Amino acid sequence: MPKSGGKTLLVTFNGALVTYLRELVGPDDDVKVEQYHKFAIDYIRTLSPDPLLICPRDRRVELIERAVNEVRSRARSRRAVLDRPVGFFLDELDWLAGHGITNFAEYVNGHVQRVGRNYGLAPSDRTIVNQIRIRYRQLLAENRYEHDLSDLAGVLRRKLTESHKEPQYRHVVIDEGQDFSPEMIRSLTEIVPKDGTVTFFGDYAQQIYGSRVSWKSLGLLVEPKDLVRFDRNYRNTKQIARLAEAVADTPFFKDDVELVSPLPPQRDGDAPLLVEAFSKSMQIAEAVHMAENLLVDRKVSRRKIHQVAILLRNDDWDDEIEIISDRNNRVTRLHKGMKVWAYGPGIFYGPYAEARGLEFDAVVLPFCDADELPSKSSIEVFGATEAMMKQARELYIAVTRAKTELVILYSGSLTSLLPGEESDIYDRSTTR
Ligand SMILES: Nc1ncnc2c1ncn2[C@@H]1O[C@H](COP(=O)(O)OP(=O)(O)OP(=O)(O)O)[C@@H](O)[C@H]1O
């Protein structure tokens with residue numbers, strides 16, 4: 001990296017990306033690459049000697065579940081919102097914390113609007129969410145926790161206001177900024193001095209958390225001349241970019257965000273391969289087999305396939321992938337705790353979310369079935385339309401990780417988030 005003009009924080013959301021970026025940056029005392037939550041905890045500790053009692057993620061889910069159950073059992077009249085799964089309330093509480101909402105009366109009476117949500121919550125439903133929030137905060141305190149991870153940005157902002165310490169960074173660079181909640185971005189704008197800078201890289205087509213708000217309200221003074229549009233796609237082949245555009249062209253992407261339409265890439269390659277697998281239970285084995293073949297092909301034909309990723313909706317299949325993979329290739333799991341980036345040829349696997357910001361020569365996507373994308377549980381939590389919107393963005397991320405080759409597996413019927421089986425976007429094959 002060129003010499004930086006002062007201490008710089010490069011911050012992102014995804015742990016695997018942090019590992020990758022650290023390798024790219026190399027040793028540099030002036031540049032710190034960190035995951036947001038880790039950065040926030042460390043920074044808060046430098047501002048205040050008070051112990052930071054943070055509720056771990058799993059415990060938080062447990063306590064929110066208890067709060068939901070208690071409010072359910074106390075309710076005098078039965079409102080449908082009470083039957084929503086716990087994930088629904090988790091999401092709503094995350095949203096409140098992420099937006100720094102502190103006036104809950106305004107939230108309850110509907111003056112605080114949730115952008116990007118496909119349906120509005122009635123005030124009486126918001127009253128229930130607020131009751132759950134209050135009970136959850138009590139449970140946190142009863143269990144000797146002061147905060148949870150979703151609070152951290154707000155806590156950091158408060159501590160920054162209370163303390164009068166010199167800023168520790170001169171520049172902040174936010175990568176994959178679309179993943180950050182407004183409170184996180186505000187907190188980052190508040191750790192640099194007046195003559196410092198905040199550089200925000202983001203792609204709102206990949207935005208998952210529904211946190212779009214104006215630059216100004218994020219504490220960023222953006223002049224039109226400061227905005228740089230990256231409209232060239234250097235990563236994907238024409239054929240893969242065409243599929244990504246088709247995913248982005250579905251109604252699930254139609255919202256109030258102005259997307260930058262990339263210019264068509266120059267690089268030519270094979271059409272994405274759509275494979276109808278013999279059965280669902282065979283898809284993981286097929287995916288691993290394909291990934292291994294792509295690497296073997298490299299040795300035979302000298303095609304530049306060095307790294308292949310098998311990406312899935314979640315990490316349910318991690319163990320099976322590990323077991324099935326032969327030992328001829330290096331196999332690396334993409335996860336938050338990755339310490340070292342695996343350069344050189346090999347297979348990577350993990351959930352879509354862990355692949356954000358990364359790229360691979362080839363990507364294999366098993367389980368692109370209609371009943372997998374989106375999952376039943378996501379439909380229960382968010383409703384069909386919002387679940388489709390969230391899943392479409394994740395799938396877009398997964399598709400755009402592929403530089404040269406993309407393989408899509410399904411059995412039965414293909415998810416409607418992708419162009420139909422008959423589309424000329426694909427080459428087709430079957431393992432039946
Ligand atoms: N000017 C350029 N010329 C050639 N290749 C480039 C150029 N800029 C970027 N690339 C290559 O394009 C690929 C994607 O770039 P980069 O990782 O910066 O994209 P990104 O915007 O962060 O994507 P995403 O947010 O989707 O992960 C990388 O392989 C990078 O080396």
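I began with valine 192 in this predicted model, and I noted that valine 192 is buried because its relative accessible area is 14%, where buried means under 20%. I placed valine 192 in the loop between α8 (182-189) and β6 (197-200). Setting aside residues up to four places away in sequence, I listed what valine 192 touches, and found Pro167, Tyr169, Arg170, His171, Val172, Thr197 and Val198. I also looked up the C-alpha to C-alpha distance from valine 192 to leucine 160, which is 11 Å in space, while the two are 32 residues apart in sequence.

Next I turned to arginine 135, which I located in helix α6 (residues 123-142). Is arginine 135 buried or exposed? Its relative accessibility is 13%, so I wrote down arginine 135 as buried. Leaving aside neighbours within four places in sequence, I found arginine 135 in contact with Ala67, Glu70, Arg74 and Glu142.

I then went through helix α9 (residues 238-248) and recorded its buried residues as Gln239, Ile240, Ala241, Leu243, Ala244, Val247 and Ala248. Which elements do the buried residues of α9 pack against? I found that they pack against α13 (384-400) and β12 (402-410).

Last, I looked at aspartate 315, which sits in the loop between β8 (307-312) and α11 (318-324).

Terms used. Residues numbered from 1 in each chain as written. Predicted model: local features only at pLDDT ≥ 70, side-chain atom pairs only at ≥ 80, totals over all residues. Heavy atoms only, no water. Helix = DSSP H or I, 4+ residues; strand = E, 2+ residues; numbered from the N terminus. Buried < 20%, exposed > 50% of the residue type's maximum accessible area, 1.4 Å probe, protein only. Contact = heavy atoms within 4.5 Å.
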